[in-house]
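Reader: I am new to reading protein models. Please take one part slowly and show me how it sits among the rest.

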Amino acid sequence: MNEANEQLVQAAIAAAHNAYAPYSNFHVGAALLLDNGEVVTGANFENASYGMTLCAETVAIAKANSDGQMRRIVAIAVAGGPRSAEGGAVIGADPISPCGRCRQVIKEVADEVAIDLPVHCAHASGYETYLLSELLPHGFGPASLKS
Ligand code: THU
C-alpha cells in the first residue's frame with residue numbers, strides 16, 4: 001500500500017459524510033488527486049425523483065471542472081457503504097467501484113489528460129486499484145468522434 005493512495009482513500013471515506021442519500025441510505029465519497037497534490041472531493045446527491053441522483057465521482061469531477069482543475073486529475077478514490085450511525089459510510093469487505101455512468105464520465109477525463117487513470121476502490125481493510133481501461137475496456141470517448 002502506498003501512502004498517497006491511502007490518503008486519497010481516506011479523503012473519499014471522509015467525503016462520504018457529506019452524502020445526501022435519504023432514499024438509498026448508501027453514502028459514497030470520491031476524492032480526486034490533482035497534479036499539484038490538491039484533493040477535490042464529492043459525495044452522492046440524491047433526489048426525490050430517484051433517477052436524477054448524482055454519484056459522488058461525477059459530482060467531484062464536475063466540481064473540479066467548474067474550478068478549472070479537471071485537466072489536473074491524476075488519480076481517483078471512491079468509498080461507500082450503508083450510512084453509519086455517525087453519518088459516514090460503513091465500508092464493506094468488498095470494494096465498491098464506479099457505476100457505469102461514472103466510468104463514462106471518468107473516461108472523458110482520462111482521455112483529456114491522456115492518463116489511464118487509476119481508481120482506488122476502498123474496502124474495509126484497504127483498497128483495490130483498477131485502471132480505467134480495466135473498468136471500461138473498449139470505451140467510447142472523445143477520440144471515437146474523430147475516427
Ligand atoms: N453511487 C455513487 O455515488 N457512486 C457509484 O459509483 C455508485 C452509486 C450512489 C448513487 C446512489 O445515491 C447510491 O450510491 C446508491 O446507488
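Reader: Start with Tyr20: between which helix and which strand is Tyr20 found?

Author: One caution before the tour: this model is predicted.

Tyr20 sits in the loop that runs between helix H1 (3-15) and strand S1 (26-34). Is it hidden or open? Tyr20 counts as partly exposed, because its relative accessibility is 41%. Together with Tyr23, Phe45, Tyr50 and Leu54, Tyr20 forms a nonpolar patch on the surface. The accessible area of the five residues together is about 540 Å².

Now look at another residue of that loop. Ala16 is also in the loop between H1 and S1. Ala16 counts as buried, because its relative accessibility is 0%. What touches Ala16? Setting aside residues up to four places away in sequence, the list is His27, Val28, Gly29, Ala79, Gly87, Gly88 and Ala89. Ala16 also shows how sequence and space can be compared. Gly42 is 26 residues from Ala16 in sequence, and their C-alpha atoms are 7.9 Å apart. Compare another pair. Leu136 and Ala110 are also 26 residues apart along the chain, and their C-alpha atoms are separated by 11 Å.

H3 covers residues 100-113. Check its length first. H3 has 14 residues, so at 1.5 Å a residue it should span 20 Å. Its end C-alpha atoms are 20 Å apart, which agrees. Just after H3, Ala114 takes a positive phi of about 55 degrees.

Which residues of H3 are buried? They are Cys102, Arg103, Ile106, Lys107, Val109, Ala110 and Val113. There is a rule to keep in mind here. An α-helix has 3.6 residues a turn, so residues three or four places apart point the same way. Now try it on the list: Cys102, Ile106, Val109 and Val113 are among the buried residues of H3. What covers the buried residues? The cover includes helix H2 (56-66), strand S3 (73-82) and helix H4 (132-135).

Take Lys107 as an example. Lys107 lies in H3. Lys107 is buried, because its relative accessible area is 14% and the cut-off is under 20%. Beyond its neighbours within four places in sequence, Lys107 is in contact with Leu132, Leu136, Gly139, Phe140 and Gly141. Now turn to Leu136. Leu136 is in the segment after H4. Leu136 touches Lys107, and it also touches Arg103 and Gln104, not counting residues up to four places away in sequence.

Next, the cysteines. How many disulfides are there? The count comes to zero. Cys99 is in no disulfide, and its nearest cysteine sulfur, that of Cys102, is 3.7 Å away. A disulfide here would need the two sulfur atoms within 2.5 Å. Cys99 is partly exposed, because its relative accessible area is 33%. Cys121 is in no disulfide either. The nearest cysteine sulfur to Cys121 is also that of Cys102, and it is 11 Å away. Cys121 counts as buried, because its relative accessibility is 0%.

One last stop. His123 has its place in strand S4 (residues 118-123). His123 counts as buried, because its relative accessibility is 12%. Leaving aside neighbours within four places in sequence, His123 is in contact with Ile91, Gly92, Ala93, Asp94, Pro95 and Glu128.

Conventions: Residues are numbered from 1 along each chain as its sequence is written. This is a predicted model: local features need pLDDT of at least 70, side-chain atom pairs count only at pLDDT 80 or more; totals for chains, interfaces and linings use all residues. Side-chain values use heavy atoms; hydrogens and water are left out. Patches are made of residues with over 30% relative accessible area and no salt bridge: like charges are joined within 9 Å, nonpolar side chains (Val, Leu, Ile, Met, Phe, Trp, Tyr) within 5 Å. Accessible areas come from the Shrake-Rupley method with a 1.4 Å probe; for residues, only the protein chains shown count as cover. A salt bridge is a side-chain nitrogen of Lys or Arg within 4 Å of a carboxyl oxygen of Asp or Glu. Helices (H or I, at least four residues) and strands (E, at least two) are DSSP runs, numbered from the N terminus. Buried means under 20% relative accessible area, exposed over 50%, partly exposed in between (1.4 Å probe, protein chains only). Contact means heavy atoms within 4.5 Å. The expected span of a helix is 1.5 Å times one less than its number of residues.
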